[in-house]
Structure formats: C-alpha cells, structure tokens
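Here's a quick walk through one chain, from the overall layout down to a few individual residues. Have the viewer open and follow along.

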Amino acid sequence: MLTTLKRFVLATTVLGFAAHAAAADLTLDVYNPGESAIFPVSSVLVSGEKDAILVDAQFGKGQAEQLVQKIRASGKQLTTIYISHGDPDYYFGLDTLASAFPQAKILAPQPVVDHIKPPLPEKSPTGARKWVPTNPPRPSFLRSSKAIA
C-alpha cells in the first residue's frame, strides 16, 4: 500500500516528466542587437510546432525589421506579441511588427499598459523624437495566462 509520502513522490515525479515533455516541444530563439542598437534589449521568439509568441518588440525600426525577418524565416505563425516592460526600448518596434503580422495580438500586464499610456513625446529619449514612431500600437491588458494558448 502506498503511503502519503510515496504518493506525493510518485505524483511529483510524474508531473516533472510531463512538464519536461511539454517544455521540450517549445524552442526559444533570443535576438539581441548588441552594439548596433542604442538600447540593446533582448527579444525572445517562443515557438511551438506551428505558432510562435514574441516577447518584446525592440526600440528601433531596423532591429524590429530584423525580428520580422527572423520570424518569417522560422516558418511559424506569430500569434502574440507580449510586451514585458513599459519603457520605449521594449515596444517602439511594435509599429513594424504589427504591420508585418497584423493578426498577432499585442498583450502586456496591466502595469505595463498603464506605464505606456502617457503621450509619446514624454516617452521619447532626448534627441530621438525625429525617428521614433509617432503612434505605435498599444498593447491590450493580458487578463489571464489563458490568453496565450
């Protein structure tokens, strides 16, 4: 007969193997422009068998265009762009990405959405107002983890 401890150990082991198997089906592809960007933020493409989610959209148009090429080369359908932080270097590239992938949902946690709300001139770094997007798409509030399925 199984004791409570043995049941717990067995259940934990089974869940561990199941989680490992599920995670093995995802791939991560990290893009960081390095010194070629003013703000070298990392973006991550999380891919399953057919679909992908992008975490963070870059700052500059050139870096966002490189992400578009990387996503297209993956052969995956971009379903979601998740913005993890409200500073411009994480989301100014949304303009380029949303144009290339209009079907992709743009999501962020509520504090990030709130941080992005001020008018863009307040968010633009000094001297960059000439080349930052005038009206990048704004993310929607991510209500639950079920929004990314």
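## Ground rules

Buried here means under 20% relative accessible area, exposed means over 50%, and partly exposed is in between (1.4 Å probe, protein chains only). With that cut-off, buried residues account for 34% of the chain's 149 residues.

This is a predicted model, where local features need pLDDT of at least 70 and side-chain atom pairs count only at pLDDT 80 or more, while totals for chains, interfaces and linings use all residues. Numbering starts from 1 along each chain as its sequence is written, and side-chain values use heavy atoms, with hydrogens and water left out.

## The whole chain

The chain has six helices and six strands, taking helices (H or I, at least four residues) and strands (E, at least two) as DSSP runs numbered from the N terminus. Read from the N terminus, the order is α-β-β-β-α-β-α-α-β-α-α-β.

Contact means heavy atoms within 4.5 Å. Of the contacts between residues at least 6 apart in sequence, 65% join residues at least 24 apart. The accessible surface is about 9,100 Å², with 60% of that belonging to carbon and sulfur atoms; the areas come from the Shrake-Rupley method with a 1.4 Å probe, and for residues only the protein chains shown count as cover.

Most residues other than glycine have a negative phi. D56, not a glycine, has a positive phi of about 75°, and Q58 also has a positive phi, near 75°.

D56 counts as buried because its relative accessible area is 4%. Q58 is buried too, since its relative accessibility is 1%. The side chain of Q58 makes a polar contact of 2.9 Å with that of S43. A polar contact is a pair of N or O atoms within 3.5 Å; within protein, one must be able to donate a hydrogen and the other to accept it, and residues adjacent in sequence count only if both atoms are side-chain atoms.

P40 sits in the loop between β1 (27-31) and β2 (43-47). At a relative accessible area of 43%, P40 is partly exposed. Leaving out residues up to four places away in sequence, P40 touches N32, P33 and G34. Its C-alpha is 8.1 Å from that of D89, 49 residues apart in sequence.

Q69 belongs to helix α2 and is exposed, because its relative accessible area is 55%.
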